[in-house]
Structures are given as C-alpha cells and as structure tokens.
Amino acid sequence: MKQPPGFVDEDHPSYVSKLNKAVYGLKQAPRAWFDKFSTFLLQFGFECSFKDPSLFVYLKNNNIIILLLYVDDMGLTGNNPALINELLESLNQEFHMKDLGRLSYFLGIQFYYHSAGLFLNQHKYAEDLLLAEGMVDCAPATTPLPLELQKVRGQDEQFDQPTLFRSLAGKLQYLTLTRPDIQFAVNLVCQRMHSPTVADFHLLKRIIRYIKGTIDYGITYSIDTDSTLRAYSDSDYAGCPTTSHSTGGFCTFLGKNLISWSAKRQTSVSRSSTEAEYRCLSDTAAEVTWLKDLLDNVGMPLSHVPELIFTDNDATGLSYIGGKIELCSSKTYFFIL
C-alpha cells in the first residue's frame, strides 16, 4: 500500500492509514450495536425484559424509567424527571444523540395528548400510502371488505403484478398497529400473497378505499380506568373455502383500553366449531399470560386481579387453575389464576 499522490506525509512517507470500517452495512452491525447499548443501560441500573428484549426497565427506590429501543430510535418515560435527565446526560456522553422532546411521532405512529389521555393514529403513514398508490382522490368505501367475497370479479384470473400486491399488503400490515378495524381484512388478503388473483387485488384496493374514508381513525387510551386485564376471543368454523381452516381472533383490554389484537387463520383443520374455539382460546390465553408477565416487568403486577377471557361458545366454558384445565359452570368466560 502507498499513500495517494498529493497526500503523501513528508515526515512519514512509508506510513499508511488504518481504516476502521463503519458499523453500518456490516452483517454483525445489529448485534454489535445492541450489545454496546444494552451493556450501557445494564451498567446504569436497567434490566432487560425477558418477554421483550427491546424493552429496558429501571426500578429502584420507587423510581421507574421505561425505555423502548428500536434499532437506534428510542422512547422513554418515567416518574422522576431528574433521574431521566441524568440518564440523558449519560447517554450523550457515550453516544451522539439528539433529544426530540415529548413523543409526538415514532416509527410512523403519531401521538396526540389531551386532558383525558392519549390518542394514537397513523394519519401521515396512511396519506403517504394513498399518495404512493395514486389513490388520493379515490372514492372511499364504507367497509374494508364486501359482504359476499365470492362474488368479487376476477376469481380465476391471476394478477400479473404479484410483487406490487405483496408490497401493498405489507404496507397495510404495518397500518394495523393502530387500526384493529382492518386487522381481519388485511389478514385475509395476506393469505393470498403467494398467488394473488385479480379478485384479491380488488379486495386489497377496497381496503385502501376504506382507509381513505377513515384516515383519521386510531386508538384512544384513557387515564380514567382500572387495571383489570380482560380478553375477548372468537372463531369461525372452516371459514376458508379452499383449505377449510378456521379463522380466530382476539382482543385484550387493560381496563377499558385496547392494548393488543389479532386475527389470523389457524394452522390446522378443526373437526368441530368447539375445537376451533379451543384453539383460539389457547392463543388468547398465551397472549394474556405474556401481557401479565410483561406488566410485571414494568412494575405493574396483576396477581391480585383476575384475568378474564370471554368467549361466546357454550362448549368452551372452562378454567385454568394452577395449570390444570377443569370444566366450569360458566358458559361465557373462564379465568386464568
């Protein structure tokens, strides 16, 4: 190696510079960055949540700081402003950081504060989606899906741009972070990603038209609520006309605030509607258990409050007691104790 012409060091003409390659672009970059950042937080006194490795919690002397990390973006909150400032000063000494102030926009999600609580939506993300697809001036739809799916034209005609279909479906998936009203519809079109038809593309465009008319929809979180964890579960039976798989869904509430939801096709065929409901209840119970452990991690233990799961199926009235499944007299819900 030689020094480039015009940049030769007269005192050390035989020296060359060692290039320390930037972390960005290397395969090991995510691991190296997370290891460095998490080590700093652990030394400060944080604990990494076992249920969510991107969540770090500081709990000491009635002080709490919760930090959520996404690559190199983070959001944090706590009950001690002085301790938060101390953390920010320490972070600035260790990393090049910029404090953007009160959380208002994070990963495409907009935050609006009001006297009764917090409102979340993805208005800008939805606008960008409509603009990118040239549907800003499209006629809005009143529902995300038509009543009779089998009558949508183009059932037997393959869509000639499957990459476009998958791209749009992926963008809609991210929109479900604050839009549970489109969760089922988006899950339905995502099942057709491998071989979409023209009818599937019409369904996808209808979802976008529905978003056009409901672009300001989102989720409100109220501060005036209790801390009881509740979940609602439901399932159809053999709803998929091609595979006879059932579709299950659930939503969970902390008090009256909706905190998680899901709608997806089950992986195997159920032999009865009761079995389909049981499978959905199993997924719901796993979600409630995960949420309970996560709330324990952030200093909100719910061991003194019964966690309720509600279902509308008479045959699935049951309870988990100490890990054992037993029949119970209730027909509409069961307890996890």
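The exercises below walk through aromatic pairs, a helix, strands and backbone angles in a predicted model.

Residues are numbered from 1 along each chain as its sequence is written. Because the model is predicted, local features need pLDDT of at least 70 and side-chain atom pairs count only at pLDDT 80 or more, whereas totals for chains, interfaces and linings use all residues, and side-chain values use heavy atoms, with hydrogens and water left out.

**Exercise 1. Classify the ring pair of W33 and F95, and state which parts of the chain the pair ties together.**

Step 1: Rings of Phe, Tyr and Trp (its six-membered ring) pair if their centres lie within 6.5 Å, and planes under 30 degrees apart count as stacked, over 60 as edge-to-face and the rest as tilted. The structure holds 13 such aromatic pairs.

Step 2: The ring centres of W33 and F95 are 5.5 Å apart and the planes stand at 75°, so this pair is edge-to-face.

Step 3: W33 belongs to helix α1 (residues 29-44), while F95 lies in the loop between α2 (81-94) and β5 (105-106), so the pair ties together parts 62 residues apart in sequence. Helices (H or I, at least four residues) and strands (E, at least two) are DSSP runs, numbered from the N terminus.

Step 4: With buried meaning under 20% relative accessible area, exposed over 50% and partly exposed in between (1.4 Å probe, protein chains only), W33 at 25% counts as partly exposed, and F95 at 10% is buried.

Step 5: Ring pairs also link W33, F37, F40 and F95 into a cluster.

**Exercise 2. Classify the ring pair of F44 and F46, and decide whether each residue is buried or exposed.**

Step 1: The centres of the F44 and F46 rings are 5.9 Å apart and their planes are at 35°, so the pair is tilted.

Step 2: F44 has a relative accessibility of 18% and counts as buried, and F46, with a relative accessible area of 3%, is buried as well.

**Exercise 3. Compare the span of helix α7 with the expected span.**

Step 1: The expected span of a helix is 1.5 Å times one less than its number of residues. Helix α7 (residues 273-297) has 25 residues, for which 36 Å is expected.

Step 2: From its first C-alpha to its last, α7 reaches 36 Å, close to that expectation.

Step 3: Among the buried residues of α7 are A276, C280, L281 and L295, and just after the helix G299 takes a positive phi of about 80°.

**Exercise 4. Locate L107 and A238, and give the phi of each.**

Step 1: L107, found in the loop between β5 and β6, has a positive phi of about 55° although it is not a glycine.

Step 2: A238, in the loop between β9 (229-235) and β10, has a positive phi near 55°.
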